[in-house]
Amino acid sequence: MHNLTSKAFWILFSDGGAKLFGFFTTIYLARTLGAEQYGLIALALSILGVCSWFSDLGIQTLATRSVASTPPEERNPAQFFWMKVTLSLLVLSVSAAAVWILLANQPVLRILVLLFILSLFPQSLQLDWYYNGIQEFKYVTASKWVQGAVYLGGLVLFVAREDLYLVPVVYAVSILAGASVMLLSYRGEHSLLQHPAIEKWPADIRNSFFLGAGHFMAQSIILLPPIAIGFFLTETDVGYYSVSMKLVLAIMLADRIISTLLLSNLPRLRSEQPEAFQDQLEIVCRWMVVLGSMGTIFLAFSAGWIIPFLFGNEYASSISVLQILSFVLPVTFLNTVFTYGLISLGRDREFMRATLYGGLATTLLIIVSGFTSQLILMVAAVVLGEIIITFTIYKMLQSFQNISLWSFLLVSIALLTGIILPGIYLDLPSLLMLPAGLILYPGLLLLSRSLTLSDLRWMKRRVTQ
């Protein structure tokens, strides 16, 4: 457990540092540029996210698996390194041409996106897939901290309200700085300058595509909404949505740490004690829902003061957006368990199919909601979309591993809505409702026996042993 906790610490330190810098950069940009210009930045970053997927195609995950499962003397990191570099340059060229044509009527957004797309090349130089494979997380941590510090420092030093186009330049330089840390730290058995076996690239891309496509469709809930909001509404609405999502993503850091602490031993448990696997998986699911719901309660009742405090009164419209968007947390936390379950079972194609069904349904739902021209309805569609994706992954997992959760979920949903909705619509004091909700929700789960003392003892063992 000491080793597991140590790894969780480095992941927390790494992801926490990246999200901390990202959080401060969001605050700085949102306050400095204003809602409309910050919305343009968020929209450009979402388009970059789509391009980034095409420049990776799941190679990151495949490379991590390969490094982790191959003896040091037999590893060939150059194979994946040059494949990523080559693919990124190809995608950069094609994306630039497409953006130039498709955004001809939006000159400001077109230039922003073109500048952000340049960061695809330094992204391809990152070696986090290698260090994750050998489980040397400290190098990834150092890289993310350097990248975050350069990005935030560059923005503070050089970017003012009129310097919109400097933001993607600073962004690309920060990624290059972070990648340089990993490149300079590389001490593998084989040089990265080694000639790759290019003839194997098509097979590698085919193998990586299923995971990559699955993760892309799962990420559509993050990448698509800013693009859809920008298309149907305004850049200002994108700004309102994006600052709210940034707060949700900050809470989602706990998802990564919890999954490291609670899920890492499940594959071994399934092989050694298959009779206990279902019970253990259901316990993990319950805890993920509980912890995600606690995050929902925190954001829903703190939104009224945390938005103006962090981003200014200009973003008052983000308060109701955040209150609705906060309901995505328990669903996302639960989705992590289902996703991890499918991938750990080696069901890559099934994972892709599940996320494809859910992602397409979510895309259609968000597009339909866009025709209402109502930001709140589009935000509600995002939450419903995450529920759809989670349900499709759950149904696919059920084909291989039975999980009984419905009674717990119904009680949890009833308690969560029964605590939050009256508090919001009756305009009760948040300073009263926030601690009350954080106490009432788990307390009532225990009283209803949806959460048991054995669940509490299980969690204590996972964290302390």
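Predicted model: local features only at pLDDT ≥ 70, side-chain atom pairs only at ≥ 80, totals over all residues.
**Cysteines**

Is Cys51 buried or exposed? I found Cys51 at 8% relative accessibility, so I noted this residue as buried, the cut-off being under 20%. Next I looked up Cys285, which has 0% relative accessibility and therefore counts as buried. Then I searched for disulfides, and my count came to zero.

**Salt bridges**

I turned to charged side chains next. Side chains with opposite charges can pair when their charged atoms come close. How many salt bridges are there? I counted two.

**Lys84 and Asp56**

I looked up Lys84 and found a salt bridge to Asp56, with 3.0 Å between the closest N and O atoms. Lys84 belongs to helix 3 (residues 77-102), while Asp56 sits in the loop between helix 1 (2-54) and helix 2 (59-69), so this pair ties together parts 28 residues apart in sequence. I checked burial too: Lys84 and Asp56 are both buried.

**Asp455 and Arg286**

Which residue forms a salt bridge with Asp455? I found Arg286 there, and the closest N and O atoms are 3.0 Å apart. I then traced where the partners lie: Asp455 is in helix 20 (residues 453-464) and Arg286 in helix 13 (residues 274-311). The two are 169 residues apart, and I wrote them down as a link between distant parts of the chain.

Asp455 has a relative accessible area of 1%, so I marked Asp455 as buried. Arg286 comes out at 15%, and because the cut-off is under 20%, Arg286 is buried as well.

Definitions and conventions. Residues numbered from 1 in each chain as written. Heavy atoms only, no water. Disulfide = S-S within 2.5 Å. Buried < 20%, exposed > 50% of the residue type's maximum accessible area, 1.4 Å probe, protein only. Salt bridge = Lys/Arg side-chain N within 4 Å of Asp/Glu carboxyl O. Helix = DSSP H or I, 4+ residues; strand = E, 2+ residues; numbered from the N terminus.
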